[in-house]
Amino acid sequence: MIVTKSWLNNFIDLGKVSNEKLYETLNSIGLEVDSIKTYSIPEKIVVGRILSCEKHPDADKLNVCQIDIGSGTRQIVCGAKNVVDAEYVAVATIGAKLGEDFEIKHAKLRGVDSEGMVCSASELGLPDLGNGIMILDKSIGKLVVGRDLNKYEKLSDTVIEIELTANRGDCLSVHGVARDLSAALNISMNNFEYESQNPEKIGLARVAKLIVKGKIDASVQYAMANMEELHTSLLFSLRLAFIEELQNDALHNILKYITHTTGVILRAYDVSHIDLENNEKLTINLESKDGIVNVTINDKLYSTIGINHVEKKKANEKSLKVLFETSYMNPVVLSDLVAEHKLETDELYYNTSRGSEPNLCFGINYLTYLFEHYNQCKLFDGTISLDEDYEEKIITVSTTKVSQIIGNDIKKINIMTILNDLGFKVQSTAEDKFGVTVPSYRHDIENIQDITEEIVRMIGINNIQAKALEFKESQPMNPTMHKYYAKKALRHHAIASGFDESISYAFADKLLLAKYNFPLVDEELDIINPITADFNTLRTTTLINLIQAVERNVNYSKKRVALFEIGTIFNEKREQKEVLSIIYSGQSETEYVANAGKPKPITFDIFVKKLSAIIGNFELRASNQENLLINPYQSADIIINNEICGFLTKVHPNVSEDFDIPDTFVAEIDFEALIPEHINAHPISNFQGVYKDLSLVVDKHLPYSHISQSIKLLDLPLLNKFYAVDVYEDEKLGEEKSLTIRLFIQSLEETLHDKDIDATVNTILEKLANEYGAKLR
């Protein structure tokens, strides 16, 4: 992006700002200066006024001019063709030095005296403007004959090339750069406001109409002009030459100048063929298809908004009637459209894809100003426009949070002042947090981090006190993280135990669920459009899916299938929960030498051990499940923390026959019960413990879980742990059974004495005798 200091002066007064200060400020606010160069006109170059111009008597290509240079009239011989069209010119007087070896002296050309030289722009060290000598006009200021040309600041200008990051499309204009400088230097902006001074206008709405088809995600505004005398002033030509955009077409130059000045995208369509005098109307159609907005005029395609322009429809300085279009489209949306549809783009796409100026009136008003002050073109009265419904982006800003990100305490009033200066609307509030409305030209501002970056830019990175990095991490352990780590641990344990993970859809076959007596989701809550006939309902168990997976593996001649799945199931009210489901079918281990290639089939005790290796300790109780997968002789409910959280069973023979699979065991456990709770560490005793076996005779039908619960409730301090080691039944015992419980007794404070051991054992005996009639065997 190239700007000049005098060009910036259109919007901000930099008269008291040195080039060094300007350079430092631009770099400080993130507009990195790539180069800066000041152009200066040599001494003894003055404004001259041509009084007469006649052909050289002895040279066809030379002219003899009488030129007033203030101090007198000088005769100067000039070879430039365009001198005959000039009134005011740059004259190098006798003694002027245009280079180290180029000093103007009295000369005689083809016998005619010449007292000076009429200069071109390049001869004065300025960019080449072409077309011979540099013709002066009022665009550089009031022309005073004899005045030194280096006194005209718009000629002796400073050119600055800025390197912009991709997100700063708002600074792809002189106005945008001035806006940032205004905030950084605390100098007010000179807002551009202009109303047409030409009362002789025809209303545009009388000769043109706008038709919209589809949803248009863009804003457009149209103006039209009858083109008459059109030229590019010296100032415009010089500035366009500085940015390497000067061309021979005056209309192109004017459009480029306006876009570079304001940031507004401006296109010009040639509509000279429209016969307005015979009441032919201009019909502008905006039609949106897949987000792409095409512009057609009287049924002919002229452009695609923000993307390209039909070359043959472009207006030029010879066009008699021109329709001007300003437009804005969100650059993110625009870039996605171009990438998705592989659309061809033109030179203006660079601006539109990075973020152009959305204030379209600014562009139209600037066009009106240029036409009425520097050209003889007449604009039609009024404009035709379509404004996109723009939803303002509001970000909540916390002074504390901003200070934390920066690492320095920034006062709230300073934050609000900076944001106001940058064009943000700030909500006034006494609280730490306040709302900030992002200006429409800053599409790149999305969050508080972006807001903070703006504040740092304006404060200046060099003014931020350096501090050691203080890393503050929010508490990472929350319910979601606990679940994540629990799943990760279960997966590792299951895979280490020889299981493969299965992933299936959260759908099932409603007929199979009903057949095996699993609950069904209520009809009014069930899915309406199932993906297949086999997945026609939300599953209420994962076991049917796993059994079907085993069936497929068996069909592929697999002799051992061990799978697990952590998945979602639903109840009748469509309330969901996660479960861990495990299935083991066929051989209990792989075939190898030790088992002579004939491993035993999976059994209840092997399956329980494998399940324990995955989920840890649990208890088993007689199963109360009602689904038809349950084998009444080899099934149990799973107890964790004294709560039923699932079940395990050998698959019923009828089910195995239905799916043609070998002996299979399954388990389904509520995942919430498997999330480990925080457990405080317990001290380890330094004293020797004692194992004591307690053999009891109890009722044959008494579950061990009842006995276990009774012992736990005693909460004996010396009883470290206990567990059943033997159950024995025979005819002699009749309706009773023998149960042996192994006790581990240990003290944390001292070596055990016999009386301590006996007291613990007797307390347990007394409790079980009173509650269950237990007696020693």
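Reader: In what order do the strands of the open sheet of 5 strands run?
Author: The order is β14-β17-β18-β19-β20, and the pairing is mixed. Please note that this is a predicted model, in which local features need pLDDT of at least 70 and side-chain atom pairs pLDDT 80 or more, while totals for chains, interfaces and linings use all residues. Residues are numbered from 1 along each chain as its sequence is written, and side-chain values use heavy atoms, without hydrogens and water. Strands are DSSP runs of E with at least two residues, and helices are runs of H or I with at least four, numbered from the N terminus; two strands pair if DSSP finds at least two bridges between them.

Reader: Let us turn to β30. How many of its residues are buried?
Author: In β30 (residues 560-570), 10 of the 11 residues are buried, so the strand is mostly covered, where buried means under 20% relative accessible area, exposed over 50% and partly exposed in between, with a 1.4 Å probe and protein chains only.

Reader: With which strand does β30 share 11 bridges?
Author: That strand is β31 (residues 576-586), which runs antiparallel to β30. Phe570 stands opposite Gln576 there. The two strands form a hairpin with 5 residues between them, and Arg574 in the turn has a positive phi of about 65 degrees. β30 is also joined to β27 (residues 500-501) by 2 bridges, in the parallel sense, with Asp500 opposite Leu563.

Reader: What about the hairpin of β4 and β5: which residue takes a positive phi?
Author: Gly70 does, with a value near 90 degrees, and there are 4 residues between the strands. β4 (residues 59-68) and β5 (residues 73-78) are antiparallel and share 6 bridges; Asn63 has Cys78 as its bridge partner.

Reader: Is Ser557 buried or exposed?
Author: Ser557 is exposed, at 61% relative accessibility. It sits in the loop between α14 (543-555) and β30, and its phi is positive, near 70 degrees, although it is not a glycine.

Reader: Where is Lys44 placed?
Author: Lys44 is in the loop between β2 (32-38) and β3 (45-56). Its phi is also positive, near 65 degrees, and the residue is partly exposed, with a relative accessible area of 42%.

Reader: Which residues line the largest cavity?
Author: Among them are Asp170, Arg179, Thr262, Asn351, Glu357 and Tyr441.

Reader: Why does the cavity lie between domain 1 and domain 3?
Author: Domain 1 (2-39 + 158-185) and domain 3 (204-386) both contribute residues to the lining, so the cavity lies between them. The domain bounds come from an automatic or database assignment.

Technical notes
On a 1 Å grid over the protein atoms alone, a cavity is a set of points where a 1.4 Å probe fits but cannot get out, and a pocket is an open set with protein on both sides within 12 Å along at least five of seven lines; lining residues have an atom within 4 Å of a point.
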